[in-house]
Amino acid sequence: MQSLTNRSKGVERKPMTIWEKMYLPAIAKGMGITFSHMFKKKPTINYPEVTRPFSAVFRGVHILNRDEEGRERCTACGLCAVACPAEAITMEAAERQKGEEGLYREEKYAAKYEINMLRCIFCGLCEEACPKDAIYLSQTFAPANYARKGFIYGKDDLLIPNPKTEPEAYAKAKGTIGKEIK
Ligand code: SF4
Ligand code: SF4
């Protein structure tokens, strides 16, 4: 068939010599390369027992933050959703009721908050846009899942543990955020 461009080049196939037809030199050369790697430092690690440290600027799965009293910081203003180029964030706002002052910091809070991790490109714009320091990207990544709906992360998946009732879990989750959180 005639080529559409003139970029193709003809390849001349030279007949193999007897030495090449024996394949032994090529096998020996290949084995030599294999053995030489046995004495080099391994580039691989025994994951998941061993994990590589992430870069300080790594952006992983989101965390919805609480304040020092354990109250949810998010006020469901929607700025993160508007800033998100992938339209991955959705939420439903609710009014704080009397007696819920210890649960939510502002008069309005996110009754539902979802991030579709299959849409998310981990750009960090939601974190930049949030005026309440309520959302951070951590240094962990979304685990594999067989179902698409397993990648829709709700508030239960995103909310950091309460520092008052679960201080150890809170400290551990906070440690996955590679920067100072407020
Ligand atoms: S990291 Fe970027 S893409 Fe992911 S939810 Fe935030 S703004 Fe959207
Ligand atoms: S996470 Fe921040 S920007 Fe997003 S709705 Fe909550 S307060 Fe607003």
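Residues are numbered from 1 along each chain as its sequence is written, with chains lettered from A and ligands numbered from 1 in the order in which they are written. In this predicted model, local features need pLDDT of at least 70 and side-chain atom pairs count only at pLDDT 80 or more, while totals for chains, interfaces and linings use all residues.

Student: How many residues surround ligand 1?

Tutor: A residue is near a molecule if its C-beta atom, placed from the backbone, lies within 6 Å of it. Among the closest to ligand 1 are Cys84 and Leu125. The number of residues around ligand 1 is 14.

Student: Which residues does the UniProt annotation "binding site" cover?

Tutor: The record is an unreviewed entry, and such annotations may be inferred rather than shown by experiment. The residues span 57 residues in sequence, yet no two of their C-alpha atoms are more than 10.3 Å apart, so they gather at one spot.

Student: Does Cys130 count as buried or exposed?

Tutor: A residue is buried if 20 or more other C-beta atoms, placed from the backbone, lie within 10 Å of its own, exposed if 12 or fewer, and partly exposed in between. Cys130 has 20 C-beta neighbours inside 10 Å, so Cys130 counts as buried.

Student: And what does Cys77 count as?

Tutor: The same cut-offs apply. Cys77 has 18 C-beta neighbours inside 10 Å, so Cys77 counts as partly exposed.
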